[in-house]
Amino acid sequence: MSSKIKILREDYPTLINGDTEIKYDEGWHNIVEGMLAALKVYEDANLGISNLTPVYISKIESKFGALDVEFDGGDDVVQEIVIFSKTLSFKTCEKCGKLGKLYCSTKWMKWSYKKVLCTAHAVELYYYSIE
C-alpha cells in the first residue's frame with residue numbers, strides 16, 4: 001500500500017505532499033485516487049478563472065467507519081467531490097473494495113471501532129453487524 005500512496009503523492013503534488021497524513025486500507029484506494037483525480041481536473045480547469053483557492057489536503061483517513069478528508073481551500077464543487085467520495089466509502093469494504101456495510105469491533109457499539117467491511121472480512125476480523 002505504501003507504494004500506491006507514494007505514487008499518489010507523485011501524481012498529485014499540489015493536493016497532497018509529504019506532510020499529508022494518509023491512513024486507509026487497500027479497499028478505499030480507488031475511491032481516494034478517483035477523488036484526487038476529480039479535484040485535480042476541477043482545479044486545473046478553474047484556478048485563476050474563478051474565485052477558487054488552491055486545494056491542499058492535510059489528512060485522508062478512516063474515521064468512524066467512513067472516509068474522512070481534511071482540506072483547505074476550494075469551493076462548493078470541491079466540497080461536493082469530497083462528500084461524494086465519503087458517500088462511496090459508506091458502502092465499500094475498507095479491505096478489498098467490494099460492497100460492504102458498517103460493522104463494529106464489539107457488541108457494545110458505543111465503545112467499539114467501526115469499519116465498513118464485506119461479510120468475508122467482517123467474519124475474518126470478528127466484527128459485529130450494526131444493522
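The following exercises, each with a worked solution, concern the predicted model shown above.

Residues are numbered from 1 along each chain as its sequence is written, and side-chain values use heavy atoms, with hydrogens and water left out. As the model is predicted, local features need pLDDT of at least 70 and side-chain atom pairs count only at pLDDT 80 or more, whereas totals for chains, interfaces and linings use all residues.

**Exercise 1. Cysteines**

Solution. 
Step 1. Accessibility is classed as buried (under 20% relative accessible area), exposed (over 50%) or partly exposed (in between), with a 1.4 Å probe and protein chains only. Cysteine 93 has a relative accessible area of 0% and is buried; cysteine 118, at 8%, also counts as buried.

**Exercise 2. Salt bridges**

Task: State how many salt bridges are counted, and describe the pairs of glutamate 21 with lysine 23, lysine 40 with aspartate 44 and glutamate 61 with lysine 59.

Solution. 
Step 1. A salt bridge requires a side-chain nitrogen of Lys or Arg within 4 Å of a carboxyl oxygen of Asp or Glu. Under this rule the count is seven.
Step 2. Glutamate 21 and lysine 23 are joined at an N to O distance of 3.4 Å. Glutamate 21 is partly exposed at 29% relative accessibility, while lysine 23 is exposed at 51%.
Step 3. Lysine 40 and aspartate 44 are joined at 2.9 Å, N to O. The two residues are four apart in helix α2 (residues 29-46) and are thus separated by about one helical turn; helices (H or I, at least four residues) and strands (E, at least two) are DSSP runs numbered from the N terminus. Lysine 40 is partly exposed, with 24% relative accessibility.
Step 4. Glutamate 61 and lysine 59 form a salt bridge at 4.0 Å, N to O. Glutamate 61 counts as buried at 13% relative accessibility.
Step 5. Through shared partners, salt bridges also link Asp25, Glu94, Lys95 and Lys115 into one network.

**Exercise 3. Strand pairing**

Task: Describe the pairing of β2 with β3, and give the strand order of the open sheet of three strands.

Solution. 
Step 1. Two strands pair if DSSP finds at least two bridges between them.
Step 2. β2 and β3 run antiparallel and are joined by eight bridges. Tyrosine 56 has aspartate 72 in β3 as its bridge partner.
Step 3. These two strands form a hairpin with two residues between them, and phenylalanine 64 in the turn has a positive phi of about 55 degrees.
Step 4. The open sheet has the order β5-β4-β6 with antiparallel pairing. β5 (114-117) and β6 (128-129) each have a single partner strand, so one side of each lacks a neighbour in the sheet.
Step 5. β4 (residues 101-104) pairs with β6 over two bridges in the antiparallel sense, and tyrosine 103 has serine 129 in β6 as its bridge partner.

**Exercise 4. Nonpolar cores**

Task: Characterise the largest nonpolar core and the surroundings of isoleucine 57.

Solution. 
Step 1. A nonpolar core is a set of buried Ala, Val, Leu, Ile, Met, Phe, Trp, Tyr and Cys residues joined through side-chain atoms within 4.5 Å.
Step 2. The largest such core has 24 residues, and those with the most contacts inside it are Ile16, Tyr24, Met35, Leu36, Ile57 and Ile60. At least two of its residues come from each of α1 (2-11), α2, β2, β3 (66-74) and α3 (76-89), and α2 supplies the largest share, six residues.
Step 3. Isoleucine 57 lies in strand β2 (residues 53-63) and is buried, with 0% relative accessible area. Neighbours within four places in sequence aside, its contacts (heavy atoms within 4.5 Å) include Leu15, Met35, Leu39 and Phe71.
Step 4. Isoleucine 57 and leucine 36 are 21 residues apart in sequence and 9.6 Å apart in space, C-alpha to C-alpha.
Step 5. A second, separate core of six residues includes Cys93, Tyr103, Leu117 and Tyr127.
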